[in-house]
Every structure is written in structure tokens, then in C-alpha cells.
Amino acid sequence: MKRIICPRHQNKNSDAWKKLLDYVEEVAADGRPKFEPRSAIGRDYFKEIQVLPESIGKLKEVKVMDLYGSKLKYIPPQIGEMENLQDFDPYTSYQLHWFPYEITNCKKLVDSRISTRALYGNFKNRMPFPGLEDHRFEYGGDTVHCSICRQELPYAEIRQFWITLYVGTDYIPMLVNLCSDECREQLPHPQGDYLHYAHRGGPDLVQPERY
């Protein structure tokens with residue numbers, strides 16, 4: 001049985017979480033072009049936020065996502081539904097080591113500012129990728145969608161891989177959820193000074209030499 005990898009639990013009964021949910025709804029309803037929770041809910045509340053809600057998928061008009069200095073552990077796949085996102089800024093969010101593959105669905109994303117030294121596989125330090133052969137990551141709930149065909153399946157039937165691709169203005173490691181070999185074959189081929197294939201990570205993975 002695979003060990004389940006989960007971030008530290010987000011307190012969803014806290015005032016911080018409730019304020020964030022309300023803020024997401026406000027931004028979505030008003031069609032605002034910028035999502036900036038740190039200033040909207042306050043710095044102290046923002047420090048309590050470890051994950052973003054799946055409802056960020058409603059932010060269809062947001063062009064700028066400002067997550068500067070967050071304590072976030074991960075970004076949910078629903079970021080891929082933010083169809084007008086152009087500028088993604090989670091700079092100094094040092095606990096963000098990877099991103100969901102679905103961010104590649106943000107076709108208008110042209111600018112990013114990410115603390116790259118904190119990323120798995122970054123060329124400056126080649127931080128090891130956690131192994132996915134004996135572990136799996138769960139966002140929550142009982143099911144997950146294939147990152148390619150969007151088929152919904154139980155976590156036990158999904159195969160997870162790491163892949164590093166150029167997104168915005170950075171090479172970023174991404175977690176891919178796949179339902180089949182056919183969907184894996186549809187993954188793009190990574191470029192740059194990174195592994196040129198999707199992989200499962202782990203201690204035996206040999207990465208390119210550091211700069």
C-alpha cells in the first residue's frame with residue numbers, strides 16, 4: 001500500500017479560511033483582474049493559509065495572481081481554469097516546491113516570479129524529487145482527474161509523475177495525474193537543463209549536474 005503524502009492540514013474552520021473563501025467569491029462576482037489575498041484579508045490571516053480553495057477556478061477574469069510571501073504548501077489543479085491568468089507571482093513562498101500540471105492550461109500566462117531555489121530539481125541545487133513509486137499525493141477527497149483527458153478516477157487508479165516544463169518565465173516542476181499510457185504519451189517533451197521525460201522521482205533518480 002502506498003504511503004499518502006499530504007500537506008499539513010488547513011484549518012477550514014478558521015476565520016482566515018472563511019475570509020479567503022469570501023474574498024474568492026467577491027473577486028469572481030466582480031470580475032476583478034487581480035487576486036491579492038495578502039492585502040485583501042490581511043497579512044496575519046494570510047499567514048494561516050496553507051492551501052488555496054478549489055474555488056479559484058471561478059476566477060475567470062483574473063489576470064494577476066499575487067501570492068507574494070505566502071505559507072502555501074501547494075496550488076490546487078483548478079488554477080488551470082483561470083483562463084485569463086497572465087502574471088503569476090508566488091515569490092518568497094518557500095514551501096511551494098512544485099505546481100500542478102494543470103497550470104499549463106493557462107494559455108495566456110506569460111510572466112511568473114517564483115523562488116526557484118525552493119523547487120524540486122532546480123538547476124542551482126537539484127533538490128531531490130520525492131519518490132512516487134511508493135507514495136502518492138492527495139489533494140483531498142476520494143477522486144482526482146487525469147491531468148490530460150480529465151477522466152475522474154479514484155486515487156488508487158491514478159499514476160503520478162513529475163515533469164519540469166517552462167511556464168511563464170520559469171522552469172517549474174509539476175505533478176501530473178495520469179489515467180493511462182495513452183495520456184502519458186500526450187505529455188510535452190521537457191527542454192532545458194532538466195530531465196527530458198516524465199519520471200517518478202525517488203533517491204535513485206539521477207539529475208543533470210548542477211551549475
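The model is predicted, so to read it: local features need pLDDT of at least 70, side-chain atom pairs count only at pLDDT 80 or more, and totals for chains, interfaces and linings use all residues. Residues are numbered from 1 along each chain as its sequence is written, and side-chain values use heavy atoms, with hydrogens and water left out.

I begin with the sheet. Four strands form an open sheet in the order β2-β3-β4-β6, with parallel pairing; strands are DSSP runs of E, at least two residues, numbered from the N terminus, and two of them pair if DSSP finds at least two bridges between them. The edges are β2 (34-35) and β6 (111-112), each with a single partner strand, so one side of each has no neighbour in the sheet. Strand β4 (residues 87-89) is joined to β6 by two bridges, and F88 stands opposite S112 in β6.

I turn to the aromatic rings. The whole structure holds 15 aromatic pairs, counted for Phe, Tyr and Trp (its six-membered ring) when centres lie within 6.5 Å; planes under 30 degrees apart are stacked, over 60 edge-to-face and the rest tilted. The ring centres of W98 and W162 are 6.0 Å apart and the planes are at 70 degrees, so this pair is edge-to-face. W98 lies in the loop between β4 and β5 (99-100), and W162, 64 residues apart from it, in strand β10 (residues 159-167). Both W98 and W162 are buried, meaning under 20% relative accessible area with a 1.4 Å probe, protein chains only; exposed is over 50%, and partly exposed is in between.

Finally, the charged end of R200 sits over the ring of F161, 4.8 Å from its centre, and that of R126 over the ring of Y194, at 5.1 Å. The criterion is NZ of Lys or CZ of Arg within 6 Å of the ring centre and within 35 degrees of the ring normal.
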